[in-house]
Number of protein chains: 2
Amino acid sequence: MLICSTVPAPREIIDVIDRRLEATVEDLIGLARIPSVSATGFDPAEVSRSAERVAELFSDAGLHGVEILRLAGAHPYVTAQWLDAGPKAPTALIYAHHDVQPPGRLEHWKTPAFEPTRRADGRLYGRGVVDDKAGILLHLAAIRAWLDTRGSLPINVKLIVEGEEEIGSDHLAEFLRTHRERFDADVLVLSDTANLDTGIPSLTTSLRGMIAVDVTLRAIDHPIHSGMWGGPVPDAATALAMLLARLVDDSGEIRVPGLYDDVPALSASQRAALEALPFDEAAFRRDAGMLEGSRLIGDKRHSVYERIWHRPSLAVTALEGMPLAIAGNQLIAEAKARVGIRLAPGQDADRVARLLVDFLASDPPHGATVELDVTTAVPGWRTTPEGPAFDAARRALAAGFGREPVEIGCGGSIPFVGPFSSVLGGIPSLLLGLEDPPCNAHGENESLDLDDFQRACWSSAHLLAELGC
Amino acid sequence: MLICSTVPAPREIIDVIDRRLEATVEDLIGLARIPSVSATGFDPAEVSRSAERVAELFSDAGLHGVEILRLAGAHPYVTAQWLDAGPKAPTALIYAHHDVQPPGRLEHWKTPAFEPTRRADGRLYGRGVVDDKAGILLHLAAIRAWLDTRGSLPINVKLIVEGEEEIGSDHLAEFLRTHRERFDADVLVLSDTANLDTGIPSLTTSLRGMIAVDVTLRAIDHPIHSGMWGGPVPDAATALAMLLARLVDDSGEIRVPGLYDDVPALSASQRAALEALPFDEAAFRRDAGMLEGSRLIGDKRHSVYERIWHRPSLAVTALEGMPLAIAGNQLIAEAKARVGIRLAPGQDADRVARLLVDFLASDPPHGATVELDVTTAVPGWRTTPEGPAFDAARRALAAGFGREPVEIGCGGSIPFVGPFSSVLGGIPSLLLGLEDPPCNAHGENESLDLDDFQRACWSSAHLLAELGC
C-alpha cells in the first residue's frame, strides 16, 4: 500500500472549502431557484436552464469537457471530467441529478418552494436543496478546493448529472450505450441517498425497488344525482375504496397473494447489524410527523429498519374522485388512485407488478370497470460493502463527520443503480447522501442541514484523497 | 260541486302559451345564463342577479307585490302574488328556486354550463335549466297566458322563489316566521321534482331524507417519502379507503349497525302500486350511464323503485387525497371524503347521522385521526295523495300531457317540504316537476326536454283552472 501524504485531505483544502462555504451555499440557492421539475406538465425549459447553470458551475470550477447532452425526447444531462491524474490513477464516476420533484401543494410550503430560504434551525428550505442539488454542489466544492489549492485532483473524475432521475431515468440506458466512454470508471460515487440521522454519516448498501400502478375505476359514464339513482346504482368512489381496502389487512400487511414469496430472508449477521443501529421510536414518530394515536404498522416480527429497508410496503400515493369543494350530491362516475409498492431488495419487480395488476383486476366491486397502468416497475439493489473503495469511503466519512459511518439500507429506490454498476463491470458503488430524517425530500418544505452539507464537502475532499491512495 | 266553464283551461289560453313558447324558452335561457350557484365559494352577486331577473319576469307578467327579500346572511328570495280572485277563491302557494348547483367539472360539459344550448334531441342543456329554472318559467307562462287573455286567474296565487334550495334552505324557517302572511294558502304547488319518464306526468308522494358527513382522515402531519418511511408508517389514503370500505358489504348494503331499524315497511298496496309501474332495466341502465359489466346493487328483495324511493342508500359523494398529476411517491398525510346517505321516508335523520358518525369514529384504521362533520341531516317526507287538490292535479296533468299521471316516490330530498306543509296546517302538497331520467340534474350536461316543458306549461294553466273549481 502506498503511503499517501494527502490522506486525509490537507488542512489547506479544508480551509478553502470553509472560506468558500458561503459562496457554495449561494450557488446551491441559485441552482435551487430554478424549478427544474422533470415531471410531465411542468416547463421543460426550466430543466434545460438548470442544466446550463450546472454546466457553468462546472466550467467555473475548472473541470474539462463540460457538455450539455440532449438525447431526443430526454431532459439534458450535464457531463464534465478531469482526467489529468493520468491513466494509472483510479477514476471515480460521480453521479448526481439536477431535476427535482414537483413542489406538491404550494400552500403547504412555509416559504416558497423555489425561493430557497435559510432558517434559524440551521437548515436551508426549498425544493431540490437536498434531493439532489446539494449532491452536485458538495463534490464541486471539494473538486474546486483541490484545483484552487493544488492545481490538480488526487484521482481522475467523471461527472454525470442527470435531468430525469425523478421520473425514472428513462434515457439512462440509451445514454450509457451512446456515450459509454464517459462512464468507464473504477468506482461509482452516487450522492443521492440518506444518512441514518443528522450528523451520522452513512453508507447505503441496499435500495428497495418500486412498482406503481395507476388505477382508474368507472362504474357509470357520468356523475348522476345520488338521490335519483342511489340504491341500485353503484358509485365509483365507494367501489374504489372497496377495491383499495382489499390490498392490505388491518395491520397494513399486503394481502396480494404470493407477494411476499420472493422476499429474501435476512441473514443472522444482517439482522444483528440492523439491531445494532440506534433507534429512537419517539424521534422516528416525530420525524415522520405521526399524529398522536397513529400506530406503527406492518409485521412486528420485523424491526422498523427492516420494514423500511428490507420488506415490501404498500401505500396509496394518489387518490382523486370529486373534490369536496365542487361535489354536488352525485354518484361519482370515475375515481382514481395510484398504488405504490416498495419492494424488498432482491424481489422481482415485474412479477410483483403482475401479481398486483391481477389482484386489482379480478372481480372488481360491483362489476366496475378497472383500468390499470403499470407506470413503474424497478427492482431493488444490494451490495456487499467490502474492498478498498468502501474502506476509503468509510475513512473519508469518518474524517469529514468526526465519527465512524454506519451501514444502512434505503427504503427508497434509485432505479439505475443496479443496471449501472453491472454494465460497468460490477465496480463498487458508493451511495452517500445528505437526506436526513427531517429533510422531507419529495415532500413540501424539503430541507438540507447546512452543517451536514459542510461536513459532506469535507468528506468529498477526503474521498478524492482516499481513493487516490 | 260547481260546474266550471274553465275546466280544462280554454283553448285560447293554450294558444297563447304556444304563441309565446319561443319567448318563454328565451326567458328560460336568459335566466339560466346567470350562474346563480348558491354554494360557498361562488359569487353570491350572481344569485342576486338571478333574483332580480326573476322579479323582472314576474312584474312583466302582471303579478303584484313583486319583492326581493333578503334575510341577513341569506341569498335573496323573490315573492309575488295575485290575489284578485278574492277571499272566497282558494289560494295556491307556488314554490320554486332560482339558485343552482355548482357546475361540477367544466371540461365534462359538452356545451358550456351557463350558455344554455338547444340540441337536435329536443332538449335544452345548461345548469339549472330543469332544476329549477323551468319550475319558475312554466307557471309564469301559464299565469301570463291567463292574465293576457282573461285579465284574471281562476284562483289566488302566491309565489315564493328561493335562492338557497341547493344548499339546504337554511333560512326558510326564519323566512316563514318573519313573512308568514306570504305563505298562507290552501294548497302548495312545488315544482322541483321528477317524472317517471319523459312524457309521463307524475305526482311525487314521498321524498327521501339525506345525511351527509364530511370525513377528514389524518395519519401523519405532512406528506413524507413513501420509500424512506413506507412500511411502519401509515398513509391517510389507504386508511381512508379501509374506513370507507367498512361502510358497505359486497352487495352495497349499508353495514352501519342499526341503520335499517327504523325503515318503514311498505304496505301490500304500496308494494302493488310500485309493481304496477313500468320498469325497463335496459333503459334504466342506459339513463344512469351504467357501464357494461357494472351491476345493479343493493338488496334484491326490494325492487329498483323501492330501493330508490323507500330504502336508504349510501354513496361516497366526494373523495380527495393527492391528485395523480402532482403526486410524488409520498405517503399522503390527509385524505377526505363525503359520505352521503339517502334515508327512507320516515327514518329519523338525526339518529342515522349519529349512527354513521359513531361508526366512522370507532377504531379508525391504524389509529388515524378522523374528523367528522355532519353537514346535512334532513328527514324524508310522505303524503297520502287523496282529496280535491290531488284530484285537480291529476286532471290537470292528464289534460296537459295527454295521459294519466302516475304516482311516484322521489329518491332525492327536498328538506323543507315536511316542515313547510305542517306549519301551513297540513295543506296538500302537490309535488310536480320536469326532471326525467336523462336530465342529469346536479350533474354535468343537465338538460330539459322542451316538449315536456310545453306540456308542463299547459298543465299549469289547467291546474289553475282545476284548483278554482
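Which side chain does A:D452 meet in a salt bridge? In this predicted model, the partner is A:R455, at 2.5 Å from N to O; a salt bridge here is a side-chain nitrogen of Lys or Arg within 4 Å of a carboxyl oxygen of Asp or Glu. Both residues belong to helix α14 (residues 450-467) of chain A and sit three residues apart, about one turn of the helix. Helices (H or I, at least four residues) and strands (E, at least two) are DSSP runs, numbered from the N terminus. A:D452 is buried at a relative accessible area of 1%, while A:R455 is partly exposed at 25%; buried means under 20% relative accessible area, exposed over 50%, and partly exposed in between (1.4 Å probe, protein chains only).

A:E444 and A:R105 form a salt bridge of 3.0 Å, N to O. A:E444 lies in the loop between β17 (429-432) and β18 (447-449), and A:R105 in the loop between β3 (91-97) and β4 (117-118), 339 residues apart. Both of these residues are buried.

The loop between β17 and β18 also holds A:D436, whereas A:R123 is in strand β5 (residues 123-125), so their pairing ties together parts 313 residues apart in sequence. A:R123 is buried at 7% relative accessibility, as is A:D436 at 4%.

A network of salt bridges connects A:R218, A:E334, A:K336 and A:E371. Over all chains, the structure holds 55 salt bridges.

Residues are numbered from 1 along each chain as its sequence is written, with chains lettered from A and ligands numbered from 1 in the order in which they are written. Local features need pLDDT of at least 70 and side-chain atom pairs count only at pLDDT 80 or more, while totals for chains, interfaces and linings use all residues; side-chain values use heavy atoms, leaving out hydrogens and water.
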